[in-house]
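Me: I have a structure open and want to know how its labels were reached. Please set each value against its cut-off.

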Amino acid sequence: QCAVGGNKLDELSFRYDYSTCDNAKNGQGEGKTGCEDASAACEEAESANIECVSTSTGKTIFASQAIAKNAVFAVEGADTLPDSLTCKISTLGGDLCQEVFFDTSGTVDLNLANKFGHMTLVSCENENGETATCFRDITYSYKLANVGDVGMTIKEVLRTSGSSMNDL
């Protein structure tokens with residue numbers, strides 16, 4: 001849980017993935033969160049632009065271009081985050097796909113894996129430096145053996161995870 005005892009939040013990290021507002025899952029309640037789908041243009045796109053502003057002042061808190069699907073990005077305040085954020089997700093060409101707002105005051109439910117449209121909360125840190133995360137370190141070990149009688153040279157090892165292939 002990220003919002004505990006009214007502690008202000010310093011940083012929230014989200015995973016970007018395509019999802020309609022109908023699939024939003026969080027316990028913030030009416031008036032504390034909202035989501036509006038503007039177009040499905042981001043559905044086929046491999047990346048998107050994301051901008052998050054203070055809902056009350058309009059001050060930009062986070063702005064990034066070309067966030068890849070399934071990539072994690074951090075939204076952090078200069079001191080602490082404002083009480084509410086509004087985030088706009090758009091195509092690289094600037095077409096608005098979705099706009100979401102949610103409470104970041106620390107006094108309203110905000111839990112790991114909460115889903116706000118295209119954004120899923122994966123970690124948080126409060127003003128006391130306490131953190132919570134969905135991530136766990138995983139160590140993979142690979143053993144490659146030449147069982148034949150012809151020599152081999154390994155030039156590249158790749159691992160497929162989901163729909164992406166990664167160089168080891």
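Me: Why does Cys-35 count as partly exposed?
Reply: This is a predicted model, and its value for Cys-35 is 29% relative accessibility. Buried means under 20% and exposed means over 50%, with partly exposed in between. Cys-35 at 29% is therefore partly exposed.

Me: What makes Cys-21 buried?
Reply: The relative accessibility of Cys-21 is 14%. The cut-off for buried is under 20%, so Cys-21 counts as buried.

Me: How do you know that Cys-21 and Cys-35 form a disulfide?
Reply: Their sulfur atoms are 1.9 Å apart. A disulfide is called when two cysteine sulfur atoms lie within 2.5 Å, so the pair qualifies. The link is left-handed, with -70 degrees about the S-S bond. Cys-21 sits in the loop between β1 and β2 (33–37), and Cys-35 is in strand β2, 14 residues apart.

Me: How many disulfides does the structure hold, and what is the pairing of the bonded cysteines?
Reply: There are four disulfides. With the bonded cysteines numbered in sequence order, the pairing reads 1-8, 2-3, 4-7, 5-6.

Me: Why is the disulfide of Cys-2 and Cys-124 called left-handed?
Reply: The torsion about its S-S bond is about -95 degrees, so the disulfide is left-handed. The bond itself has an S to S distance of 2.0 Å, against a cut-off of 2.5 Å. Cys-2 lies in the segment before β1 (9–16) and Cys-124 in strand β9 (residues 119–126), 122 residues apart.

Me: Are Cys-2 and Cys-124 buried or exposed?
Reply: Cys-2 has a relative accessible area of 5%, and Cys-124 has 7%. Buried requires under 20%, so Cys-2 is buried and Cys-124 is buried.

Me: What makes the disulfide of Cys-42 and Cys-97 right-handed?
Reply: The torsion about the S-S bond of Cys-42 and Cys-97 is about 80 degrees, so this disulfide is right-handed. Cys-42 belongs to the loop between β2 and β3 (47–54) and Cys-97 to strand β7 (residues 96–103), so the pair ties together parts 55 residues apart in sequence. The sulfur atoms of Cys-42 and Cys-97 are 2.1 Å apart, and both residues are buried.

Me: Why is Leu-85 called buried?
Reply: Leu-85 has 0% relative accessibility. The limit for buried is under 20%, so Leu-85 counts as buried. Its place is in strand β6.

Me: Which residues are in contact with Leu-85, leaving aside its neighbours within four places in sequence?
Reply: Leu-85 is in contact with Val-53, Ser-54, Thr-55, Ile-61, Val-75, Val-100, Phe-101, Phe-102 and Thr-104. For Val-100, 15 residues from Leu-85 along the chain, the C-alpha atoms are separated by 8.2 Å.

Me: Which residues have the most contacts inside the largest nonpolar core?
Reply: They are Leu-12, Phe-14, Phe-73, Phe-102 and Met-119, in a core of 27 residues. At least two core residues come from each of β1, β3, β4 (60–68), β5 (72–76), β6 (84–90), β7 and β9. The largest share, four residues, comes from β1. Not counting residues up to four places away in sequence, Phe-73 touches several residues, among them Leu-12, Phe-14 and Met-119.

Me: How many helices and strands does the chain have?
Reply: The chain has zero helices and 12 strands.

Me: How does the radius of gyration of the chain stand against that of a compact globule?
Reply: A compact globule of 168 residues would have a radius of gyration near 15 Å, whereas the chain has 19 Å. Its C-alpha atoms fill a box of roughly 70 × 40 × 30 Å along the principal axes. Of the 168 residues, 36% count as buried.

Me: Where is confidence lowest and where is it highest?
Reply: Confidence is lowest in strand β12 (residues 164–167), at a mean pLDDT of 60, and highest in β6, at 96. Over the chain the mean is 87, and 93% of residues reach 70 or more. Where pLDDT is low, predicted coordinates should not be read in detail.

Definitions and conventions
Residues are numbered from 1 along each chain as its sequence is written. This is a predicted model: local features need pLDDT of at least 70, side-chain atom pairs count only at pLDDT 80 or more; totals for chains, interfaces and linings use all residues. Side-chain values use heavy atoms; hydrogens and water are left out. Buried means under 20% relative accessible area, exposed over 50%, partly exposed in between (1.4 Å probe, protein chains only). A nonpolar core is a set of buried Ala, Val, Leu, Ile, Met, Phe, Trp, Tyr and Cys residues joined through side-chain atoms within 4.5 Å. Contact means heavy atoms within 4.5 Å. pLDDT is the predictor's confidence in each residue, from 0 to 100. The radius of gyration is taken over C-alpha atoms; the globule rule is 2.2 Å times the number of residues to the power 0.38.
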